[in-house]
Amino acid sequence: MTGGLPRFGAAVVELGLSPGDLQGFGDPTQLVGLLDRLGQWKSIEVAAEHAGVLVQLLQQRGHRPRTEIDLIHVPSRSPPTLAHPLVRLLDDGDLPAVESTPEPFPDYQLPFVRAAVRQQRVAGAMADGKPVGYAASLAAGESYADLGVHVPAPWRGQGIATAAASLVAAALGSRGLVPVWSTSEDNLAARRVANKLGLAEIARRVILHHAE
């Protein structure tokens, strides 16, 4: 970061859940200086009002960032709990099946997955003892927790994502946590799930994908 209290300049944060994918906060001219110092990065997500300046500064350095709009949602009402015959909250007994499934969790995320399962922050659809879709909250603070889904193509369109997300949202709510759902502007399926769960868009951020 640059600066400090009370004169904060800018900060770049890298989460262990997704190495190389950064969150940027503060003045874009100082953000680009931090990126110069980092050297290697895959993407950075920033406030929409800072994205245009940051793109120009990166272009001046020979980069050609590709932009993506990220929509941030939180509940506008209590999310409904939706039943599905295949979907339930996962527990320790499901971890071997989860860990042996190649998607969606890469190896470096498995410690976060194990912790989330033990805290009942993962719901899955199980078929023949194998997971065929998830909703998970792998990161939580004192007030908010992320919420995301993954369903392989052959199992989509069956309500798995919505049902699983509703169970995790309820589990988070029971702990006093507000679920936060973010999705690309172009991901219409994820936006439909958000609508079914009563999640309302409250902000937009911009992801700049690094390219030379």
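Helices here are DSSP runs of H or I with at least four residues, numbered from the N terminus. I start there, everyone, since one particular helix will come up a lot. Helix 2 is followed by Gly 62, whose phi is positive, near 90°. And please keep in mind that we are looking at a predicted model.

Let me step back to the whole chain. Its secondary structure amounts to six helices and 12 strands. The radius of gyration is 19 Å, close to the 17 Å that the globule rule gives for 212 residues, so the chain is as compact as a globular protein of that length.

As for burial, 44% of the 212 residues count as buried. The accessible surface is about 11,100 Å², and carbon and sulfur atoms hold 52% of that. On charges, there are 19 positive and 21 negative side chains, with the centres of the two sets 3 Å apart.

On to the inside. In soluble globular proteins, nonpolar side chains tend to be buried together. Here, the largest nonpolar core has 25 residues, and the ones touching the most other members are Val 87, Ala 123, Ala 135, Leu 147, Ala 165, Val 168 and Trp 181. Strand 7 (122-127), strand 8 (130-136), helix 5 (160-174) and helix 6 (188-196) each give this core at least two residues. Which element supplies the largest share? That is helix 5, with nine residues.

Beyond its neighbours within four places in sequence, Leu 147 is in contact with Ala 135, Ala 136, Ala 165, Val 168, Ala 169, Pro 179, Val 180 and Trp 181. Apart from this core lies another one, of 16 residues, including Leu 31, Leu 54, Val 55 and Leu 58.

That brings us back to helix 2, residues 48-60, where the buried residues are Ala 51, Leu 54, Val 55, Leu 57 and Leu 58. An α-helix has 3.6 residues a turn, so residues three or four places apart point the same way. What lies over the buried residues of helix 2? The cover includes helix 1 (28-38), strand 4 (43-47), strand 5 (66-75) and strand 12 (199-209).

Next, a stop in the loops. Pro 79 sits in the loop between strand 5 and strand 6 (87-89). With a relative accessibility of 22%, Pro 79 counts as partly exposed. Setting aside neighbours within four places in sequence, Pro 79 is in contact with Ala 169 and Leu 197. The C-alpha atoms of Pro 79 and Asn 195 are 9.9 Å apart, although 116 residues separate the two along the chain.

Finally, some backbone angles for you to check on screen. Most residues other than glycine have a negative phi, and most peptide bonds are trans. Gln 120 is not a glycine, yet its phi is positive, about 55°. You will find Gln 120 in the loop between helix 4 (110-118) and strand 7, partly exposed at 39% relative accessibility. Asp 128, also not a glycine, has a positive phi of about 55°. Asp 128 lies in the loop between strand 7 and strand 8. Is Asp 128 buried or exposed? At 82% relative accessibility, Asp 128 counts as exposed.

Conventions
Residues numbered from 1 in each chain as written. Predicted model: local features only at pLDDT ≥ 70, side-chain atom pairs only at ≥ 80, totals over all residues. Heavy atoms only, no water. Rg over C-alpha atoms; globule rule 2.2 N^0.38 Å. Buried < 20%, exposed > 50% of the residue type's maximum accessible area, 1.4 Å probe, protein only. Areas by Shrake-Rupley, 256 points an atom, 1.4 Å probe, with all protein chains shown as cover. Lys, Arg positive; Asp, Glu negative; His and termini not counted. Charge placed at Lys NZ, Arg CZ, Asp CG, Glu CD. Core = buried A, V, L, I, M, F, W, Y, C linked by side-chain atoms within 4.5 Å. Contact = heavy atoms within 4.5 Å.
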